[in-house]
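Take a moment with the sequence and the model before reading on. The paragraphs below walk through the structure step by step.

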Amino acid sequence: MTALVELMDYDEVISRFDPVLGLEVHVELSTATKMFCGCVNEFGGEPNTHVCPTCLGMPGALPVVNGKAVESAMRIGLALNCEIASWCRFARKNYFYPDMPKNFQTSQYDEPIAFSGYLDVPLDDGEVVRVEIERAHMEEDTGKSLHVGGATGRIHGAEHSLLDYNRAGVPLIEIVTKPITGMGARAPEVARAYVTALRDLLRALDVSDVRMDQGSLRCDANVSLMAKDATEFGTRTETKNVNSLRSVERAVRYEMTRQGAVLLDGGTIKQETRHFQESDGSTSPGRTKETAEDYRYFPEPDLVPIAPTREWVEQLRQTLPELPWERRKRIKDEWNLTDEELRDLLNTGAADLVAATVDAGAAPGEARSWWVQYLTQQANTREVELAELPIKPVQVARVIELVGSGELTNKMGREVVQGVLEGEGEPDEVVEKRDLKVVSDDSALLTAVDEALAAAPDVAEKIRGGKVQAAGAIVGAVMKTTKGQADAKRVRELILERVNGS
Amino acid sequence: MSDLTRLTAAELAGRIHAREVSSVEVTQAHLDRIEEVDGAVHAFLHVDTEGALDAARAVDARIASGEQPASPLAGVPLALKDVLTTEGIPTTCGSRTLEGWLPPYDATVTRRLREAGVPILGKTNMDEFAMGSSTENSAFGPTRNPWDRDRIPGGSGGGSSASLAAFEAPLAIGTDTGGSIRQPGSVTGTVGVKPTYGGVSRYGLVAFSSSLDQAGPCARTVLDAALLHEVIGGHDPLDATSVDAPVPAVVAAAREGARGDLTGVRVGVVREFSGNAASAGGSASAGGEGYQPGVLTSFEAAVQQLRELGAEVVEVSCPNFTLALPAYYLIAPSECSSNLARFDAMRYGLRVGDDGTRSAEEVMSLTREAGFGAEVKRRIMLGTYALSSGYYDAYYGSAQKVRTLISRDFDAAFERVDVLVSPTTPTTAFKIGERADDPMAMYLADLCTIPSNLAGNAAMSVPSGLSADDGLPVGLQIMAPALADDRLYRVGAAYETARDAAEGPLLNRVPELKGAAL
Amino acid sequence: MPNISRDEVAHLARLARLAVTDEELNTFAGQLDQILDAVAKVGEVANSDIPPTSHAVPLTNVFREDVVRPGLTQEQALSGAPAAEEGRFRVPQILGDEQ
Ligand SMILES: [Mg+2]
Ligand SMILES: [Zn+2]
């Protein structure tokens, strides 16, 4: 679908130009309800079932701000070393689009709740670069459209579209960096490292699911090139909705080589929106607009200003977690890990997850082994990153607790994890639904043992005659009738008691 | 005509609660009256006969069982402006774009009325999306003024006020963005109150200009308006701009006022809106440009009446009030251009031109073109212009600064006086069609009412007699500080009692509509 | 500042998604001009340091608790839809890009 695009050799780009990046990250908050109405904030669901007059933009309906979302926004701002506005308002950003029920987005404009911060981003080799944060502001997500009739389900060529507003009004925080300059050849890596660090930070704050695959973390990458002798930034392009960490790096790199070729050829870069192609790592232009949009921002009259008190801000500052990378350092010391062990933890992306699992009450060794072994396998077979598995550290910790207390066998524990991964709910719900209890009730087991012994009198005789290993067959029969839920060791004890004692 | 339609809401409530008459009988009497005369008035866009009678039966059953009525107005029927959503009853806002729309939810005002046991007779006609001062901008044809059916009943809530003047309903709800409760009240000889902004929930009030819109009571007497005010007012967590404070004690204030003593009450005559009425004890000559002489004469008499009731009357200057009308015609259209963007043919309402070849964008534009009337389109365009980059500071931004100046004028005035007064509107009801092609002439109707919307304070229009030059009703506007709505009722009731004692209720003189044909 | 051209009116109509007729372009150009002339007076305060008022009542920090409230069923949500399919609102093809 794309014409051949000239690309410049990457080293040549670096020798001729300085890349300038600007990253805009949209984060969906994991509040219980939406930004301006009491509808449940949950990914997916039957279409148009998480909706009300307000998030459907029905005539007469009004918004009311979710206080928890404001707190999350302020905590994000504080974690990004931002100033928190002492007074700010929402504004309306006016433009027509069918996935936006009111045809304006309630957002913040010139009065963001948090501004002027920074994030210290660790690169792969341990070097740390400081990325300046312009602002973090609150807004709302749009609905989702399904394009029907086109060849690929994409917007172009579709005959009509079907709209689901379950996502409309989900709280979003938009985090915008200042221009990132001076990174040279490492610019693509810095882009990925920034989004990674931001994701880890947001996860530690427990404000978002940060699932790039589900769109709860989305990145738009602005890229421009500046000739070595230039004093002003070049024209930038904005590549939209790059939905994995690797894609962030690829998209930036691609744009650098594409823009380099255009510029060398004497061409100019069009300021435009571009889309990232996951398949080949390229970007392609969006539909160009005839005229620049005029959003006609004005203060949202339906919502009153937000004026956080100092006490409120300070109270929220106390809730900030340890920075993920600092925690990693601490983990290494506390868990007595070798550099290699720590690197394994980091390479599998397990360190924060293990730490969070430990924080939730699990022993470090257990936590490490579950994440590095079983769950890493699961991530590999599903071709997702470990952190993107739909299981939370607190859930893993619960499984470890259940196994540790003997309520589940190790095997059952893995089955519970499977259940959680398959969306069956919390570990305890999976245990219940799948009926996974170690049968430790002796009377139930005794019935099964008695039946098994009665069904195989010859074996019972052998055991009574001292051939203790023959008990294995009875154990097997009991495990079969109890569908594997009995504690095999206890079964064996009961068999021996029954045969010899009574 | 049944006697029941001539009674006030307070009298009806008294009889219903004393079981002298049933709510069903009262409601049926009004439904019969609507059947009889609405062809000549066209106050209603939709009559909900069954719903109203069901509600009335529920009230009667409750009273019969010996339980307390749900509210002091339980059983008294009401006409609801078609801009408030009603689950299961069509809500059109006087627009083609919403023709046939059945809201899946009740506005908070609607819910409170239902909970108070107030049967809703139907939905009243209005200027499309509340934009207008004559009800001529309704997509479903104009409402006629019961005093003279060739004349407008005011607007945008002409249907609500006309239904009262035509004795089709004892109570009605209006909404007031620039005067849409008070100006129709004035030209139909009825009472209309714009409560303090935030005093009545806007949840379910289809927004015209969010920072100005306010729902309020319409009635034939000040006491009836107060009773209704207490039913619909009060904090609503679904409206972030709703004031979290108790409803001012407006019923008590109305009863207090009816005793006819205003000793110690300081009344300020707004010089900019009065033609110098107060200064020389009543000459209407100076400063009265644009004001009908009969209106000024009536106003002067009203001011004199307030003096006789014991009020201390002074003249107060509010110099920035002359900027109110221009500021309003920037703020209201700007907000409306955004509020009405949702009518886009995607989720509800009219859809035009969806023939399988057109894009969503084209269908939106065709639908909005077909669904909106000229005044709505004019204001959307004006607001789009005023908000666009490059013009914002000169227009919308400046208008918001003017708003600050207006509030400061009010603040300064209310340091000297308890209430301010002016004529409600500069003229009596004009003829249907007279100003239809001249938007600026139309906009002048709201000259005196707009400042209170911009500042958010409370204001009332109460009938002040008939104009000597054309025999049509004139209204006295009373303005009070925010959250001091009770002052309106005290002064309004005192004035009403004195005027009625002298001349009898104004509406006794409204022409008989029986058998009137269009 | 006013003196609004037909082209400007056409641009406004596009922004506002109104498929106005040629005749309306003329009428609106004249009327908007007249209205803008009449309201231009507010511009006198444009450069003053008077603070703007966006809200009539000086409230701040009005928040809702993060507690789920029942909303609409799918049937209610779609009850007024001009067209619906598979539990979703059916709309004509969308041409522009998301913002
Ligand atoms: Mg944004
Ligand atoms: Zn909702």
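**Where two chains meet**

Helix 10 of chain B, residues 324-339, lies across strand 4, strand 5 and strand 15 of chain A. Its direction makes an angle of about 60° with strand 4 of chain A. Keep in mind that this is a predicted model.

What kind of sheet do these strands of chain A form? It is an open sheet of 3 strands, in the order 5-4-15, and the pairing is antiparallel. Its edge strands are strand 5 (104-107) and strand 15 (298-299) of chain A. Each of these edge strands pairs on one side only. Strand 4 of chain A covers residues 91-94. It runs antiparallel to strand 5 of chain A, and 4 bridges join the two. To find this pairing in the model, look for A:Asn94, which stands opposite A:Phe104 in strand 5 of chain A.

Now step back to chain A as a whole. The chain has 502 residues, and 56% of them count as buried. It contains 16 helices and 15 strands. Its C-alpha atoms fill a box of roughly 95 × 60 × 55 Å along the principal axes. Among contacts with a separation of 6 or more, 69% are between residues 24 or more positions apart.

A:Ala69 sits in helix 2 of chain A, which spans residues 67-79. Is A:Ala69 buried or exposed? Its relative accessible area is 0%, so A:Ala69 is buried, the cut-off being under 20%. Which residues does A:Ala69 touch, leaving out those up to four places away in sequence? They are A:Leu29, A:Thr31, A:Met35, A:Met138 and A:Pro171.

Move to chain B and find strand 6, residues 215-219. This strand is mostly covered, with 5 of its 5 residues buried. Which way does strand 4 of chain B run against strand 6 of chain B? The two run antiparallel, and 5 bridges join them. Strand 4 of chain B takes in residues 171-175. Here B:Ala172 stands opposite B:Cys218 in strand 6 of chain B. Strand 5 of chain B, residues 191-194, also pairs with strand 6 of chain B. This pairing is antiparallel too, over 2 bridges. B:Val191 stands opposite B:Ala219 of strand 6 of chain B.

How many cavities of 30 Å³ or more does a search of the whole structure find? It finds 6. The largest cavity has a volume of about 170 Å³. It is lined by 22 residues. Nearest its centre lie A:Thr54, A:Cys55, A:Pro63, A:Lys102 and A:Glu140. The lining of the largest cavity divides into 11 nonpolar, 4 polar and 7 charged residues.

The second largest cavity holds about 100 Å³ of space. It is lined by 14 residues, and the closest to its centre are B:Gly199, B:Pro246, B:Val247, B:Pro248 and B:Leu483. What is the make-up of the lining of the second largest cavity? It has 7 nonpolar, 6 polar and 1 charged residue.

Note on methods
Residues are numbered from 1 along each chain as its sequence is written. Chains are lettered from A and ligands numbered from 1 in the order in which they are written. This is a predicted model: local features need pLDDT of at least 70, side-chain atom pairs count only at pLDDT 80 or more; totals for chains, interfaces and linings use all residues. Side-chain values use heavy atoms; hydrogens and water are left out. On a 1 Å grid over the protein atoms alone, a cavity is a set of points where a 1.4 Å probe fits but cannot get out, and a pocket is an open set with protein on both sides within 12 Å along at least five of seven lines; lining residues have an atom within 4 Å of a point. Grid points are joined across faces, edges and corners, and a volume is the space filled by probe spheres set on the points. Ala, Val, Leu, Ile, Met, Phe, Trp, Tyr, Cys and Pro count as nonpolar, Asp, Glu, Lys and Arg as charged, and the others, Gly among them, as polar. Buried means under 20% relative accessible area, exposed over 50%, partly exposed in between (1.4 Å probe, protein chains only). Two strands pair if DSSP finds at least two bridges between them. Contact means heavy atoms within 4.5 Å. Axes are lines fitted to C-alpha atoms, for helices over the stretch in contact, and angles run from 0 to 180 degrees between N-to-C directions.
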